[in-house]
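Hi,

Here's the structure I said I'd pass along. Have a look at it first, and my notes on its pockets follow below.

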Amino acid sequence: MDNFEVIRKTFPFLEKGLVEEIDRVSSLHSLKPEQSMLGEGDYIKSFPMILTGCLRVVRLAEDGNELLLYYLNQGEICAMALTCCMGLQKSNIKMTAEEDSLVLAIPVDYPEKWMSDYRSWKEFMMYSYRKRFDELIDTIDAIAFMKLDERLIRYFEERFRSTGKTVFAGTHHEIALQLNTSREVVTRLLRNLERNNLVITGRNFIDYSALVKKSFSM
């Protein structure tokens, strides 16, 4: 299947003329897990559209900790990247592949132009802004009002919603970075969840299928 057909099937609501333009001006990037698409402080030279896979969008602190903002899935775009594109600003986020992903990179001067040229693109932008805004509000609420054990559960729930995965193949330190806490705290909280039969932990391995089953069966 050529790129035009992939774009058309992934974004079926876009006008044919717009799909043709996207196909003409974009470049295709294949990302492996943990490969970065965009780093904090980089000037944004292209705007990403997700064809397959899942990307993790985080904010970096000066001490190296990460704050997970949201995930980008198939058929989605990053409204925050678009804002930086249109303002010719440096990126204030980091975008990393959560799994094998295919991403279209659009040169920065096109997204703003398409806002006036194509109604479907404008509506897609407005929908994406609203969705990202709602997700950021949820993140702020979690930090402000949730206890850390509740945030850890939310982390696994959001990861399942975005990727469908029930196993985390990584370290306690990696989770701690994304929750902006210490590895020791994450390890203690995971032990509590394990005692309640909600997770199974191993070396670089956390199976949270029981937690997901309980959360989404309620």
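Let me start with the second largest pocket: its lining splits into five nonpolar, three polar and eight charged residues. One thing to keep in mind throughout is that this is a predicted model.

That second largest pocket comes out at about 240 Å³. It has 16 lining residues, and the ones closest to its centre are Glu 34, Arg 56, Phe 168, Glu 174 and Gln 178. Strand E6 (94–97), strand E8 (167–168) and H7 each give two or more residues to this lining. H7 gives the most here, with three residues.

Now for the largest pocket. Its volume is about 340 Å³. There are 22 residues around it, with Leu 69, Tyr 70, Thr 139, Arg 154 and Glu 158 closest to the centre. Which elements supply at least two residues each to that lining? They are strand E5 (66–73), helix H5 (119–145), helix H6 (148–163) and helix H7 (172–179). H5 has the largest share, at seven residues. By class, you'll find nine nonpolar, nine charged and four polar residues in the lining of the largest pocket.

Cheers

Notes. Residues are numbered from 1 along each chain as its sequence is written. This is a predicted model: local features need pLDDT of at least 70, side-chain atom pairs count only at pLDDT 80 or more; totals for chains, interfaces and linings use all residues. Side-chain values use heavy atoms; hydrogens and water are left out. On a 1 Å grid over the protein atoms alone, a cavity is a set of points where a 1.4 Å probe fits but cannot get out, and a pocket is an open set with protein on both sides within 12 Å along at least five of seven lines; lining residues have an atom within 4 Å of a point. Grid points are joined across faces, edges and corners, and a volume is the space filled by probe spheres set on the points. Helices (H or I, at least four residues) and strands (E, at least two) are DSSP runs, numbered from the N terminus. Ala, Val, Leu, Ile, Met, Phe, Trp, Tyr, Cys and Pro count as nonpolar, Asp, Glu, Lys and Arg as charged, and the others, Gly among them, as polar.
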